[in-house]
Amino acid sequence: MTIAVGDKLPDVKLVKATENGPEAVQSADYFKGKRVALFSVPGAFTPTCSAKHLPGFVEKADELKAKGIDEIVGTAVNDPFVMGAWNKAAGSSDITMLADGNADFAKALDLTMDGSGFGLGLRGQRFSMVVNDGVVEQLHVEAPGEFKVSSADYLLENL
């Protein structure tokens with residue numbers, strides 16, 4: 001069943017992209033005790049993700065933090081090296097990248113999509129959420145091919 005507002009995040013391994021290399025983290029530990037704006041994209045360096053999704057969170061980071069967000073996290077079904085390179089190329093130090101290389105997080109949330117028609121295989125859907133102490137406070141899942149409700153602007157409007 002797809003994760004919903006009020007649900008606790010599933011506890012799976014993600015890999016944090018750091019300047020010192022990949023660092024394995026457990027989602028239950030990582031999201032504990034803080035309020036996080038989390039956004040998911042089908043893939044780092046893909047057109048909408050790079051032109052709109054990530055830049056919106058970079059641009060709105062201060063406003064999100066002013067509204068009680070402790071950390072902004074981006075995730076995708078990519079390896080931590082790609083996620084780190086994407087953040088270095090188009091992100092900022094305000095964004096933490098958590099790689100979901102095996103799609104374990106996306107599967108546990110039941111928010112996967114089949115991108116095999118584009119040569120992408122199994123990917124995470126485009127969405128955003130606010131996670132408060134490991135519990136989903138807001139969830140905004142895009143319709144296929146859309147970019148509206150998962151944007152930083154939309155998340156800000158709903159904080």
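This is a predicted model: local features need pLDDT of at least 70, side-chain atom pairs count only at pLDDT 80 or more; totals for chains, interfaces and linings use all residues.
Asn87 belongs to helix α4, helices being DSSP runs of H or I with at least four residues and strands runs of E with at least two, numbered from the N terminus. Leaving aside residues up to four places away in sequence, Asn87 is in contact (heavy atoms within 4.5 Å) with Ser92, Ile95 and Met97.

Residues are numbered from 1 along each chain as its sequence is written. Local features need pLDDT of at least 70 and side-chain atom pairs pLDDT 80 or more, while totals for chains, interfaces and linings use all residues, and side-chain values rest on heavy atoms, without hydrogens and water.

Within α4 (residues 80-90), Pro80, Met83, Trp86 and Asn87 are buried. These residues lie on the same side of α4, because they cover an arc of only 125 degrees around the axis, taken from the directions from the helix axis to the C-beta atoms. The face turned away from this buried side carries the exposed residues Phe81, Lys88 and Ala89.

The cover over the buried residues includes β1 (13-18), β2 (21-26), α2 (47-59), β4 (71-76) and β5 (95-99).

## The sheet

Seven strands form an open sheet of mixed pairing, in the order β2-β1-β5-β4-β3-β8-β9, where pairing requires at least two DSSP bridges between two strands. β2 and β9 (135-141) stand at the edges with a single partner strand each, so one side of each has no neighbour in the sheet. β4 and β5 pair in the parallel sense over five bridges, and Ile72 stands opposite Ile95 in β5.

Terms used. Buried means under 20% relative accessible area, exposed over 50%, partly exposed in between (1.4 Å probe, protein chains only).
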